[in-house]
Amino acid sequence: MDNKYFGYFISLIVFAIAGCSAEGGDPGYEYAPQMYHSVPYEPLTQITDKDAGEWLTSTDEEDHAEFYNSNPYNPYNMNERVPPAHTVRRTGNEVLPYRIHKDSLDYAARVLKNPLDSSAAMVEAGKELYAYYCQHCHGGAGQGDGLVGVVYKGVPAYNAGRVAELSGGHIFHVITHGKGRMGPHGSQIDIEDRWKIVEYVQTLQKP
């Protein structure tokens, strides 16, 4: 190989090796270290020690080592915050997540029982939720005469025919997954509130 080209080749190798180094205490052994050590604040971690791990830079007082993960702009440097108002949680503290498949309505109707203790307070809470989520179709007294129900047509009265005999499990499953023209409400109403609505709807089933 020509000495001139050999020199270029050696220089290229030197520059390539030099490019593998990084500033500060990081020797540059990790490819894309930010993929290993997240720059965004991770909501489920809380590492407050700024000296945890290797230091990536050391020129600014706000710098920190690689594993530090706390938000200095939140109270107590917390990463997790209180969810926004009206956020629907996917799991409840009192009730397990709902796992029955949407096509298993008959099974749900047979096996599901309201896990909440029946009380006048729960009926009243269910009434408030019903007014918010259900009344526009089913009507205030459950006669299928809500403003939307009149337009849709075919919304049954709760206290008529077979509908009056539907179990709480059936009602809960339909609220969750929908049926016919009724869309699913599982993403809008958490599990505990669905059962409260069931409790109130069952009072409307009575003649």
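Tutor: Lysine 196 and glutamate 192 both sit in helix α7, four residues apart, about one turn of the helix. In this predicted model, their side chains meet in a salt bridge, at 3.5 Å from N to O. The count of salt bridges comes to two.

Lys196 also belongs to the contact between α7 and α3. Helix α3 covers residues 120-133, and its axis comes within 7 Å of that of α7, with a crossing angle of roughly 95°. Angles of 65 to 115 degrees count as roughly perpendicular, and α3 and α7 are therefore roughly perpendicular to each other. On the α3 side, the contact is made by Met122, Val123, Ala125, Gly126, Lys127, Leu129, Tyr130 and Tyr133. From α7 come Asp193, Lys196, Ile197, Glu199, Tyr200, Val201, Thr203 and Leu204. Sorted by class, this contact has 10 nonpolar, two polar and four charged residues.

Helix α7 has a part in the largest pocket as well. That pocket holds about 700 Å³ of space. Elements giving two or more residues to its lining are α4 (135-138), α6 (168-177) and α7 (191-204). Of the elements, α6 gives the most, with four residues. The lining of the largest pocket has 28 residues in total, and those nearest the pocket centre are His138, Pro156, Val174, Lys179 and Met182. By class, the lining divides into 16 nonpolar, eight polar and four charged residues.

Notes: Residues numbered from 1 in each chain as written. Predicted model: local features only at pLDDT ≥ 70, side-chain atom pairs only at ≥ 80, totals over all residues. Heavy atoms only, no water. 1 Å grid on protein atoms, 1.4 Å probe; cavity = no way out; pocket = protein on both sides within 12 Å on 5 of 7 lines; lining within 4 Å. Points joined across faces, edges and corners; volume = space filled by probe spheres on them. Nonpolar A, V, L, I, M, F, W, Y, C, P; charged D, E, K, R; others polar. Axes fitted to C-alpha atoms, helices over the stretch in contact; angles between N-to-C directions. Parallel < 35°, antiparallel > 145°, perpendicular 65-115°, else oblique. Contact = heavy atoms within 4.5 Å. Salt bridge = Lys/Arg side-chain N within 4 Å of Asp/Glu carboxyl O.
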